[in-house]
Amino acid sequence: DGVSYVQPFPIHGHWFAQIPFARELAKQHFGGAVIPQWWQETDRAQEIMAEQGTGATVLQCHGFNWGVDMSKNPNYGTSMWWRMGFTRDEMMSLPLVFDRRSPSREAALAELVLGKNQKPVVLYNFTGVSSPFAYVPEVMRTVMKYTNKFKFIDLGKIVAHRIYDLLGLYDRAVGLITCDTATGHMAPASKIRYLGYTVDGWSSSVWKGNVFRSIPYSQCLSRMAEVDEFLQSL
């Protein structure tokens, strides 16, 4: 409900198990569907292989394991956008727009979280489920050196009415440090400057928007100086 340009058609059940059912509903109601996460299409593996330019190869009969043409699909994000008909350049340049934001909810959340704070605000989030971040103590030791300059807010502890209500905090903050999770993906909907950590390999996210630096998890400790650099630049 945060955007006017999407018509939701909710179904109930586990997201993975319901993919064939959802596709059939889409066929009945809308004439067809595209599953951006093509690797979840286990019951259509051979069809997908036959589609022009997929760049994917089934490595075993049930389709749970795939070989990927890295020249066409260097990461899962590019792959999903490509399957939806967009180029990588379009993926990187098209804006992220929430055109049904609630100014009143955002203001109430900001008042609750920020109060009468007078310092510049830096947001951070290292709470991720699918891509847990193992270097929180090390990063926070660097972050805490700047408590006299900034007020730091842990987004992982905030429960907003809608996740995009956090954009009200983004717009009031000077910076964001985030692990590979939703708070990073949402950053391009604001002008906030951010440092984003990413998981290694094909599953890594591709940060866009006003990103200062993208750092793979495995390089976190060796590139800790860039956290200092980021905070000093704000």
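Trainee: How many helices and strands does the secondary structure of the protein come to?

Mentor: The model is a predicted one, and among its contacts between residues at least 6 apart in sequence, 56% join residues at least 24 apart. The elements that make up its secondary structure come to nine helices and seven strands.

Trainee: In what order do the five strands of the open sheet stand, and which strands are at the edges?

Mentor: The five strands pair in the parallel sense, and their order in the open sheet is 4-3-5-6-7. Each strand at an edge has a single partner strand, so one side of it is left without a neighbour in the sheet, and this applies to strand 4 (151-154) and strand 7 (211-216).

Trainee: What does the twist average from one strand to the next?

Mentor: The strands in question are those of the open sheet, ordered 4-3-5-6-7 with parallel pairing. From one strand to the next, the twist averages 15 degrees.

Trainee: Which helix packs on the sheet, touching strand 7 among others, and what angle does its direction make with that of strand 7?

Mentor: The packing element is helix 9 (residues 225-233), which touches strand 3 (121-125), strand 4, strand 5, strand 6 and strand 7. Taking its direction against that of strand 7, the angle is about 165 degrees.

Trainee: How many bridges join strand 5 to strand 6, and how many pair strand 3 with strand 5?

Mentor: Strand 5 (residues 175-178) runs parallel to strand 6 (residues 194-198), with Ile177 opposite Leu195 and Thr178 opposite Gly196. On the pairing with strand 3, which is also in the parallel sense, Asn125 stands opposite Thr178. The count is three bridges between strand 5 and strand 6, and between strand 3 and strand 5 it is four.

Trainee: Which residues point one way from strand 5, and which the other way?

Mentor: Gly175, Leu176, Ile177 and Thr178 are all buried, whichever way they point. One way go Gly175 and Ile177, and the other way go Leu176 and Thr178.

Trainee: What distance separates the C-alpha atoms of Leu123 and Tyr194?

Mentor: Along the chain, Leu123 and Tyr194 are 71 residues apart. The separation of their C-alpha atoms is 9.0 Å.

Trainee: How many of the eight residues of helix 3 are buried, and which are they?

Mentor: Helix 3 (residues 76-83) is mostly covered, with six of its eight residues buried. At its start, a side-chain oxygen of Asn75 reaches to within 3.3 Å of the backbone nitrogen of Gly77, while Gly85, whose phi is positive and near 100 degrees, follows the helix. The buried residues are Tyr76, Gly77, Thr78, Ser79, Met80 and Arg83.

Trainee: Is Ser204 buried or exposed?

Mentor: Ser204 is found in the loop between strand 6 and strand 7, and, leaving aside neighbours within four places in sequence, it is in contact with Asn75, Tyr76, Asp180, Thr198 and Val199. Its relative accessibility is 16%, and since the cut-off for burial is under 20%, Ser204 counts as buried.

Trainee: How many disulfides does a search of the whole structure find?

Mentor: Cys179 counts as buried at 0% relative accessibility, and Cys220 is buried with a relative accessible area of 0%. For disulfides, the search of the whole structure finds zero.

Terms used
Residues are numbered from 1 along each chain as its sequence is written. This is a predicted model: local features need pLDDT of at least 70, side-chain atom pairs count only at pLDDT 80 or more; totals for chains, interfaces and linings use all residues. Side-chain values use heavy atoms; hydrogens and water are left out. Two strands pair if DSSP finds at least two bridges between them. Helices (H or I, at least four residues) and strands (E, at least two) are DSSP runs, numbered from the N terminus. Axes are lines fitted to C-alpha atoms, for helices over the stretch in contact, and angles run from 0 to 180 degrees between N-to-C directions. Contact means heavy atoms within 4.5 Å. Buried means under 20% relative accessible area, exposed over 50%, partly exposed in between (1.4 Å probe, protein chains only). A disulfide is a pair of cysteine sulfur atoms within 2.5 Å. A polar contact is a pair of N or O atoms within 3.5 Å; within protein, one must be able to donate a hydrogen and the other to accept it, and residues adjacent in sequence count only if both atoms are side-chain atoms.
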